[in-house]
Amino acid sequence: MATDLRPPRPRSAPVDTTTAAAAAATATAQWWTPLRPSPAPAARLLVLPHSGAGPSRYRRIVGDLPAHVEILGLTLPGRERRYGEPPGATLDDVLDSLPDSPHPDLPTLVFGHSLGATVGLHVARALGDRCTGLIASGSIPGGRDGRLTDDADDATILRLLDLGGDMPPALAGDTPWRAALLRTLRADLRLGTEASDRSPDLRIEAPITVLCGRDDRLVDPDDLTSWCAHSAAPGSLHLLPGGHFAVFDEANLAAVTRTVAAALPKAP
């Protein structure tokens, strides 16, 4: 009979589940910023920003939503409180970061603008039965809304931003701020391309509410109905006065807030 002369395998160290849980909570908190606390949440709203932005842009929209709603915003590397990190995230990074809150079964509405809508479709799908709806703003599924690839030159990216009508002042000159913002935009273009390439056959059970500016120069209104193919439930379309960022315009805030509130899961 053969004898096993290999040394015994060392025993694995016991896993500190408390430390592991704390690390997971820290990783989740890094990606998802609380925008408005709820002392006793009965529902959740996840907001996903457009390219180059962070979730704080949604604060004026979500500030007056019902108190039973926990509101979290996706914070990608390279912006807001994660500004010191190199920009760049994959779709799986985002999906793996979905909050494992003390209320894991909270019904959840997903709200994304432009890039956020494209990624939001995947987030809604990953949430499964917990997702009660998706609000897709300023975007066409599958990236048919003028999205560039990350190898586009600076001038092409700047032209797209100019069409969107929200050119940041930091891009006006050849400054360190411009270089940093362009790096962030390119990272977001990679994320948008990945999400678009993985979305053609993606469907969710929850309804999709579509928002778009009537004068959006990046989105063809005739293509907005293509969101219907990504949901098994009836959806709705709301056109707003303004361009690509009409959803954030002061004149539209009340209407957008009402639309979001109507789509939220109701308090028990």
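Colleague: What is the mean pLDDT of the chain?

Modeller: The mean is 84, and 81% of the residues reach 70 or more; pLDDT is the predictor's confidence in each residue, from 0 to 100. Helices (H or I, at least four residues) and strands (E, at least two) are DSSP runs, numbered from the N terminus.

Colleague: Which stretch has pLDDT below 50?

Modeller: Residues 1-25 do, and beyond near neighbours in sequence this stretch has zero contacts in the model; a contact means heavy atoms within 4.5 Å. Where pLDDT is low, the predicted coordinates should not be read in detail.

Colleague: Next, the fold. How many helices and strands are there?

Modeller: The chain has seven helices and seven strands, in the order α-β-β-α-β-α-β-α-β-α-α-β-β-α along the sequence. Of the contacts between residues at least 6 apart in sequence, 80% join residues at least 24 apart.

Colleague: What share of the chain is buried?

Modeller: Buried residues account for 46% of the 268 residues. Buried means under 20% relative accessible area, exposed over 50%, and partly exposed in between (1.4 Å probe, protein chains only).

Colleague: How many residues does the largest nonpolar core have?

Modeller: That core has 36 residues, and those with the most contacts inside it are Trp 32, Val 110, Val 119, Val 123, Leu 134 and Trp 227. A nonpolar core is a set of buried Ala, Val, Leu, Ile, Met, Phe, Trp, Tyr and Cys residues joined through side-chain atoms within 4.5 Å.

Colleague: Which element gives the largest share of this core?

Modeller: Helix H4 does, with seven residues. Elements giving two or more residues to this core include E2, strand E3 (69-74), helix H4 (115-127) and helix H6 (176-197). Apart from this core lies another, of 22 residues, among them Val 69, Ala 246, Val 256 and Val 260.

Colleague: What does Val 123 touch?

Modeller: Not counting residues up to four places away in sequence, Val 123 touches Leu 46, Leu 48, Val 94, Leu 95, Leu 98 and Val 110.

Colleague: Turning to H7, which of its residues are buried?

Modeller: In helix H7 (residues 253-263), they are Leu 253, Val 256, Thr 257, Thr 259 and Val 260. Seen down the axis of H7, these buried residues fall within an arc of 160°, so they line one face of the helix; the arc is that of the directions from the helix axis to the C-beta atoms. The face turned away from the buried side carries the exposed residues Arg 258 and Ala 262.

Colleague: And what do the buried residues of H7 pack against?

Modeller: Their partners include strand E2 (43-48), helix H2 (59-62), strand E4 (108-113) and strand E7 (236-240).

Colleague: What about H5: which residues are buried there?

Modeller: In helix H5 (residues 154-164), the buried residues are Ile 157, Leu 158 and Gly 164. They fall within an arc of 110° seen down the axis of H5, so they line one face of the helix. Their cover includes H6. Gly 165 follows H5, with a positive phi near 85°.

Colleague: Finally, how many aromatic pairs does the structure hold?

Modeller: It holds two. Rings of Phe, Tyr and Trp (its six-membered ring) pair if their centres lie within 6.5 Å; planes under 30 degrees apart count as stacked, over 60 as edge-to-face and the rest as tilted. The rings of Tyr 58 and Phe 111 have centres 5.1 Å apart and planes at 75°, so this pair is edge-to-face. Tyr 58 lies in the loop between E2 and H2 and Phe 111 in strand E4, 53 residues apart.

Colleague: And the other pair, which residues form it?

Modeller: Tyr 58 and Phe 248 form an edge-to-face pair, 5.4 Å centre to centre with 75° between the planes. Phe 248 is in the loop between E7 and H7, 190 residues from Tyr 58. Tyr 58, Phe 111 and Phe 248 form one aromatic cluster.

Definitions and conventions. Residues numbered from 1 in each chain as written. Heavy atoms only, no water.
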